[in-house]
Amino acid sequence: LIARRRRTSCYFYPRAWPSIRSADWWERVVLKEFGPQDWLEKFRMSKETFFYVCNQLRPGLAPHSAHFHPTLPLEKRVAVALWHLATNVEYQTLSPLFGVGPSTVQTCVREVSYAVVLLLKPLYLRLPNEKELENMVRIFRTRWGFPHCIGALDSLHIPIHPPLRLSADYCNGQGWHSILTQATVDGLGQFWDVSTAFPGSMENSAVLESSSLWVLAKEGRLCPNPPKHFMGKAQKYVLLGDATYPLQDWILKPYQEDENLTQRQLQFNYRLKRAHSVIENAFLRLKARWQILLKCDDCSLELLPTLVLACCILHNVCEAHDNPFNEEWLERTQ
């Protein structure tokens, strides 16, 4: 109106859909008007990948006839959950956008997270077979210059509101409350082992010994039987950890930094840290893509392990389907 009164031309026409709040907003706007960048920004994946995920989750999200109220369409439930995981928008803020109540948003997040873990984990987050392990060794050798390696190992602190009676257990070394997630990635930055929900006060070595990865290694399931030959003798494949992990015949860590290190030891540290950076980058991309992991305010402690696993699985889905990653997400995270 101001522009008209001043009789000036206005060449910018803002899109109307952000201000729409109604029950059919999903059908009228998202499905019909969203472009590729809109899908990527709000759901962190392309439209094609979104509907692929919906089809994969269909068996676990089928409507139940016992429900008194009509069940939301599967695609809409997945959309509500992914929007929340991607943007960390509160239930009360997200509910009017889709024309549902906050409790419905919470239910969508819970049900979709459980379905992702149940149905997509066997496809996208599992122990590699022998052929896949050989391929992982090849990628670490060619891309990162580190031989006989199948993964990088590290942990991630996720902020939480702790239960009052366990507040001290969840207080980490930096003075804030968190749960610890231990993860292992391949040379492409995709997760293949994740253990989560450890109290933030635990040391990485204690988390490792309490994780499923420790059991797999002790059972000899992280390498072929017999082990492949390397440098003239049969040796297990190795994982790369930082200085906080114990040295094992299947875990390598850098030499302790001091002035007495030889040139070869310094070179080893450089190569190891360079290859280990693949998991540091994977954690950055994980948190930037699924910003619910930056601060889990609306999530109960019981649901949190499932939610973290779901985010890691969805990260792998996006990476495996070559969905673009927006570097601006990293800037917002920082």
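This is a predicted model: local features need pLDDT of at least 70, side-chain atom pairs count only at pLDDT 80 or more; totals for chains, interfaces and linings use all residues.
Numbering runs from 1 along each chain as its sequence is written, and side-chain values use heavy atoms, with hydrogens and water left out.

The domain assignment of the chain gives domain 1 (24-62 + 71-123) and domain 2 (125-289). Such bounds come from an automatic or database domain assignment. The C-alpha centres of the two domains lie 32 Å apart. Their contact (heavy atoms within 4.5 Å) takes 6 residues from domain 1 and 4 residues from domain 2.

Helices and strands are DSSP runs, numbered from the N terminus: helices are H or I with at least four residues, strands are E with at least two. Two strands pair if DSSP finds at least two bridges between them. An open sheet of 5 strands has the order β3-β2-β1-β6-β7, with mixed pairing. Its edge strands are β3 and β7 (251-252), each pairing on one side only.

Strand β2 spans residues 178-185. Strand β1 (residues 149-159) runs antiparallel to β2, and 8 bridges join them. Within this pair, leucine 153 stands opposite threonine 184 of β2. On to β3 (residues 191-199), β2 makes 6 bridges, again antiparallel. Here leucine 180 faces phenylalanine 198 in β3. The hairpin of β2 and β3 has 5 residues between the strands. In that hairpin, glycine 189 takes a positive phi near 85 degrees. The pairing of β1 with β6 (residues 238-240) is parallel, with 3 bridges. Cysteine 149 has valine 238 as its bridge partner in β6.

Strand β2 is mostly covered. Of its 8 residues, 8 are buried, where buried means under 20% relative accessible area, exposed over 50% and partly exposed in between (1.4 Å probe, protein chains only). Both faces are covered. One side presents Ser178, Leu180, Gln182 and Thr184. The other presents Ile179, Thr181, Ala183 and Val185.

Helix α3 (residues 36-43) has Asp38, Trp39, Leu40 and Phe43 buried. What covers these residues includes α2 (25-33), α4 (47-57), α5 (74-87) and α13 (327-333). Arginine 44 follows α3 and has a positive phi, near 65 degrees.

Empty space was then examined. Rolling a probe the size of a water molecule over the atoms shows where such space is left. The search used a 1 Å grid over the protein atoms alone. A cavity is a set of points where a 1.4 Å probe fits but cannot get out; a pocket is an open set with protein on both sides within 12 Å along at least five of seven lines. Lining residues have an atom within 4 Å of a point. Grid points are joined across faces, edges and corners, and a volume is the space filled by probe spheres set on the points.

The largest pocket holds about 480 Å³ of space. Its lining comprises 16 residues, of which Phe146, Phe230, Met231, Leu252 and Phe268 lie nearest the centre. Helix α11 (residues 263-289) gives the most to this lining, with 5 residues. By class, the pocket lining has 8 nonpolar, 5 polar and 3 charged residues. Ala, Val, Leu, Ile, Met, Phe, Trp, Tyr, Cys and Pro count as nonpolar, Asp, Glu, Lys and Arg as charged, and the others, Gly among them, as polar.

The largest cavity has a volume of about 50 Å³. It is lined by Ala217, Gly220, Arg221, Leu222, Cys223, Lys236, Tyr237 and Trp250. This lining divides into 5 nonpolar, 1 polar and 2 charged residues.

Backbone exceptions come last. Most residues other than glycine have a negative phi, and most peptide bonds are trans. The bond from asparagine 225 to proline 226 is cis, with omega near 5 degrees. Proline 226 sits in the loop between α10 (212-218) and β4 (229-230). Methionine 231 has a positive phi near 55 degrees. This residue is found in the loop between β4 and β5 (233-234) and is exposed, with a relative accessible area of 72%. Aspartate 322 also has a positive phi, near 55 degrees. Aspartate 322 lies in the loop between α12 (304-320) and α13 and counts as exposed at 67% relative accessibility.
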